Structures are given as structure tokens and as C-alpha cells.
Amino acid sequence: MTGPACNDIVSAGNVTIAPLTASTTFCIGSGSCTLSISDADLGEITVGSGKTLTIGGTSTGAMTIDSAYAFARPVVFLTQSGSDITVGGRISSSASGNAVTLASGRNFINGYGAGVFNLTGGGRWLVYSTKP
């Protein structure tokens, strides 16, 4: 019998990964934050068809995204009021619909430049912030 490793997250529904402590900084891919999730960790998360992976939440502090991971399902990155989302690497997704959503409680900072979103599944990107 085979199955997911004991550290995998497999869900037929939506999955949310968020810190328990308010204002916790969160790094996705690489970086130095209070809480980090690596590309390898992202690869161990399976989200059901038509469902969404949400990283962060309404109490998440500043977030840095510098990941080489290619998301197969829609993904949402979310920070609390007053906290930035900084992107240092390309965000890739093969999802359709709202493939990538960034909802920043303050600023969206694109440190990668033009072409920051690599969408191969016909999906779209959405960015919400108080100040672009």
C-alpha cells in the first residue's frame, strides 16, 4: 500500500496555511522570516480540484514571496492591515480562473519586475493593496 508521506497535506477541499500569532512575518520559498514555507514544503501540499490554497491570513504580518514553485491550483497570498507583500521571484501557476491572488494589507512591492506572473493555464492574476 502506498500513500502520502506522513508530512504531506492532502485535502479534497480548500487549504489555509496561516500563523497563529498575529503580525508573524511569513516567507514563501526562501527568506528570513518568523515563519517560512519552502518550495519543498509547497510540493507536499495537495489541494482538491477546483479548490484554493490560501497562504497567510488577516493576522499575518509582512510577507515575502521568492519561490520557484509552480502552483497547479489557485493560490491566495494574504496579509493583515498595515502589512506589505513583497515579491522577489516569479510566481508561476498552471491554474485557470483566479490563478494567483495577492491581497496586501498595505503595499504590493514587485521586486522581480515585468513578467512577475507566469500563468500557463489561462488563469488571471489579481493584486489588491492600499498603495500599489
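The legends below describe close-up views of a disulfide and of a group of aromatic rings in a predicted model.

In this predicted model, local features need pLDDT of at least 70 and side-chain atom pairs count only at pLDDT 80 or more, whereas totals for chains, interfaces and linings use all residues. Residues are numbered from 1 along each chain as its sequence is written, and side-chain values use heavy atoms, with hydrogens and water left out.

**View 1. The disulfide of Cys-27 and Cys-33.** The structure holds one disulfide (a pair of cysteine sulfur atoms within 2.5 Å), and in this link of Cys-27 to Cys-33 the S to S distance is 1.9 Å. The link is right-handed, with 55 degrees about the S-S bond.

**View 2. The surroundings of the two cysteines, Cys-27 and Cys-33.** Cys-27 is buried at a relative accessible area of 2%, while Cys-33 is partly exposed at 21%; buried means under 20% relative accessible area, exposed over 50% and partly exposed in between, for a 1.4 Å probe and protein chains only.

**View 3. The ring pair of Tyr-69 and Phe-71.** Three aromatic pairs are found in the whole structure (rings of Phe, Tyr and Trp, the last by its six-membered ring, with centres within 6.5 Å; planes under 30 degrees apart are stacked, over 60 edge-to-face and the rest tilted). One of them is the edge-to-face pair of Tyr-69 and Phe-71, at 5.0 Å centre to centre and 80 degrees between the planes. Tyr-69 is partly exposed, with a relative accessible area of 22%, whereas Phe-71 is buried, at 5%.

**View 4. The cluster of Tyr-69, Phe-71 and Phe-77.** The ring centres of Phe-71 and Phe-77 lie 5.9 Å apart with their planes at 80 degrees, so this pair is edge-to-face. Both Phe-71 and Phe-77 are buried, and ring pairs link these two residues and Tyr-69 into a cluster.
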